[in-house]
Amino acid sequence: MFTDLPLPDLYAYRFDGAEPEDFDAFWARTLAEARRAAVPPVLRPVDTGLIHVDTYDVTFSGFDGQPVRAWLWLPRGVPRPLPAVVEYLGYGCARGSALQSTLWSSLGYAHLLMDSRGQSSTYGASDTPDGAVAPQVGGVMTRGVADPADHYYRRLFTDAVRAVDTVAELAEVDADRVVVKGASQGGGIALAVAGLRPGLAGACVDVPFLCHFRRATQITESYPYREISDYLQARRDAVEQVFSTLSYLDGANHAARASAPVRFSVALMDPVCPPSTVFAAFHRWGERAGCADKDIRVWEYSAHEGGGDHQLAEHVGFVARVTAHRAAAGPLTRPTHQLLRSTS
């Protein structure tokens, strides 16, 4: 069954949440600190047996310079520099094995799949700790929720921006043709990165989590948003502080600062990420920075799986178009130094 407003009302719906006065300063400081603490990435070749793709086990500097793991796939026999896709994972998911995700490299893109620090579940175990804390099973929505400086997603969003920085600095990659993508939590991360890092060629944001937190907690009983409700049931005096912290992370606030071409998707039977929370972020996309190329694909009879392979096929066409457009737009912005390093 439909889980939210009728579709005409969703198109009319607008975000009514808070935006902190120091939002931009908070994130500028966070990212500047991470970049100052960064060291060159390490790329270790992995023999997967794939005959058309070179695979690397990547360690790069994320939040506070902490090591973050990722897989990088580079297609063989394709002219350099390459366009790139940086992908983020859903809630509780880990990067898995080096054989799990080869679509984008098979299409001729450099493809980086970022591990999610500290997250583990039946979907797999992360190879990236959350600072000094080893990956663990269980939710992260209220980890550090008393202060935005301590919240888990401050660290994860910073990792995600640094993943784009890392890819863009590789000699094999065209820094002007980097696209971010993800679904659910991954969609929320891609959304935040698009607001935090200018210069992206595009963004694919599917059934995004981490948007319009307050409304989400009021209209769905599904986890992970329910973690916030569970937390507040025993902390009735903490409501305003919790949502103040979450406003620094809210996808609707990040979307307002994004300028890249974007394709959203939303599912009207989604009980996990209610459609109005997705539309809240979509409508704000480009509000401050300007964006003439944004659209949202509505999957009327889908739940949290969204459009599945049908949506993926649409993204393939979108990514090809926006990266081709950037390639034709002018001279390449090349890195000032080459960071591709291979160690055994």
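**Helix 2 against helix 4**

I started with a crossing: helix 2 passes helix 4 in a right-handed sense. The model I am reading is predicted.

I then listed who makes the contact. Helix 2 brings Phe 26, Trp 27, Thr 30, Leu 31, Glu 33, Ala 34 and Arg 35. Helix 4 brings Tyr 153, Arg 154, Phe 157, Thr 158, Val 161, Arg 162 and Asp 165. By class I get 7 nonpolar, 2 polar and 5 charged residues for this contact.

**Helix 7 against helix 8**

Next I looked up helix 7, residues 225-233. Its buried residues are Tyr 225, Glu 227, Ile 228, Ser 229, Tyr 231 and Leu 232. What covers them includes helix 6 (213-219) and helix 8 (239-247).

I checked the geometry with helix 8. The axes of helix 7 and helix 8 come within 10 Å and cross at roughly 150°. Angles over 145 degrees count as roughly antiparallel, and helix 7 and helix 8 are therefore roughly antiparallel to each other. Their crossing is right-handed. Ile 228, Tyr 231 and Leu 232 of helix 7 make the contact with Val 239, Val 242, Phe 243 and Leu 246 of helix 8. I noted the classes here too: 7 nonpolar, no polar and no charged residues.

Helix 5 runs over residues 185-196, 12 residues in total. From first C-alpha to last I read 16 Å, close to the 16 Å expected at 1.5 Å a residue. Is helix 5 mostly covered or mostly open? It is mostly covered, with 12 of its 12 residues buried. Among them are Gln 185, Gly 186, Gly 187, Gly 188 and Ile 189.

I also stopped at Ser 184, in the loop between strand 9 (173-183) and helix 5. Ser 184 is not a glycine, yet its phi is positive, about 60°. Ser 184 is buried, with a relative accessible area of 14%.

**Other backbone entries**

Asp 64 also has a positive phi without being a glycine, about 55°. I place Asp 64 in the loop between strand 2 (53-61) and strand 3.

Then the cis peptide bonds. Arg 80 to Pro 81 is cis, with omega near -5°. Pro 81 sits in the loop between strand 3 (67-75) and strand 4 (82-88). Tyr 223 and Pro 224 are also joined by a cis bond, with omega about 10°. I find Pro 224 in the loop between helix 6 and helix 7.

Definitions and conventions: Residues numbered from 1 in each chain as written. Predicted model: local features only at pLDDT ≥ 70, side-chain atom pairs only at ≥ 80, totals over all residues. Heavy atoms only, no water. Helix = DSSP H or I, 4+ residues; strand = E, 2+ residues; numbered from the N terminus. Expected span 1.5 Å × (residues − 1). Buried < 20%, exposed > 50% of the residue type's maximum accessible area, 1.4 Å probe, protein only. Contact = heavy atoms within 4.5 Å. Axes fitted to C-alpha atoms, helices over the stretch in contact; angles between N-to-C directions. Parallel < 35°, antiparallel > 145°, perpendicular 65-115°, else oblique. Left-handed = near helix turned anticlockwise from the far one by under 90°. Nonpolar A, V, L, I, M, F, W, Y, C, P; charged D, E, K, R; others polar.
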